[in-house]
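I opened a new notebook page for this one. My plan was to go from the overall picture down to a single residue.

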Amino acid sequence: MSDVIIKEQILDHSIDKVWNAISKGEEISTWFIQADFKPEPGYKYTFTAGPEKDCTQITGVVKEADPYTLIYTWVVENTDVETTVKWSLQALEGKTKLILEHSGISNYTAETAVTMMGHFSAGWDNCFNLLVEYLIKEVHAG
C-alpha cells in the first residue's frame with residue numbers, strides 16, 4: 001500500500017493568493033473548517049469541524065512555513081497517530097501549481113490505514129474543490 005496521497009492542481013490565481021488561502025487561519029476557516037492556525041514553525045494548531053461537517057477535530061504542529069512550502073503534522077481526534085501534510089506552491093505565469101502530499105498513513109494499523117487512506121483521499125479531493133470555489137469567489141469579490 002502506498003503511504004502517500006498526492007494531489008496536484010493548477011490554479012488560475014497568484015501564488016500569494018493561494019498561499020494566504022492555505023496558510024492563514026481566517027482564510028482556512030472561510031473555505032474549509034474553523035481553524036486556529038498560524039504559519040509559524042512550532043505553532044500548535046487546531047481544525048474544528050461543526051456537527052454539519054463529516055470531519056472530526058484535527059490537531060498538530062507546524063513544522064515548516066517557508067514561503068510557498070507549508071508542512072505540519074496531522075492527528076485525527078481520538079487517535080494518537082501522527083501523519084504529515086505538505087503543501088508546495090510553484091508560480092506559473094500568473095497561475096499557481098499546488099501540490100499536496102499527505103504521508104505517514106501507514107502509521108495506522110493495517111486495516112485502519114487502508115480505511116484512512118480512502119477517507120483522506122476523498123477528503124482532500126473535497127478540500128481542493130472548496131479551495132477552488134473560495135479562490136474564484138475571492139477574485140470576483142476583490
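I started with the charges: the protein has 11 positive and 21 negative ones, and their mean positions lie 4 Å apart. For this, Lys and Arg count as positive and Asp and Glu as negative, while His and the chain ends are not counted. Each charge is placed at NZ of Lys, CZ of Arg, CG of Asp or CD of Glu.

A note on the source: this is a predicted model, where local features need pLDDT of at least 70, side-chain atom pairs count only at pLDDT 80 or more, and totals for chains, interfaces and linings use all residues. Residues are numbered from 1 along each chain as its sequence is written, and side-chain values use heavy atoms, with hydrogens and water left out.

Next I looked up the fold and found 3 helices and 7 strands (DSSP runs numbered from the N terminus: helices are H or I, at least four residues; strands are E, at least two). Along the sequence they come in the order β-α-α-β-β-β-β-β-β-α.

I then checked burial: 40% of the 142 residues count as buried (under 20% relative accessible area, 1.4 Å probe, protein chains only).

Last, I picked Phe 47, which sits in strand β3, residues 44-48. Is Phe 47 buried or exposed? I found it buried, at a relative accessible area of 2%. Leaving out residues up to four places away in sequence, Phe 47 touches Ile 28, Phe 32, Tyr 72 and Trp 74, among others (contact means heavy atoms within 4.5 Å). I also noted Val 76, 29 residues from Phe 47 in sequence and 9.8 Å away in space, C-alpha to C-alpha.

Methods:
Buried < 20%, exposed > 50% of the residue type's maximum accessible area, 1.4 Å probe, protein only.
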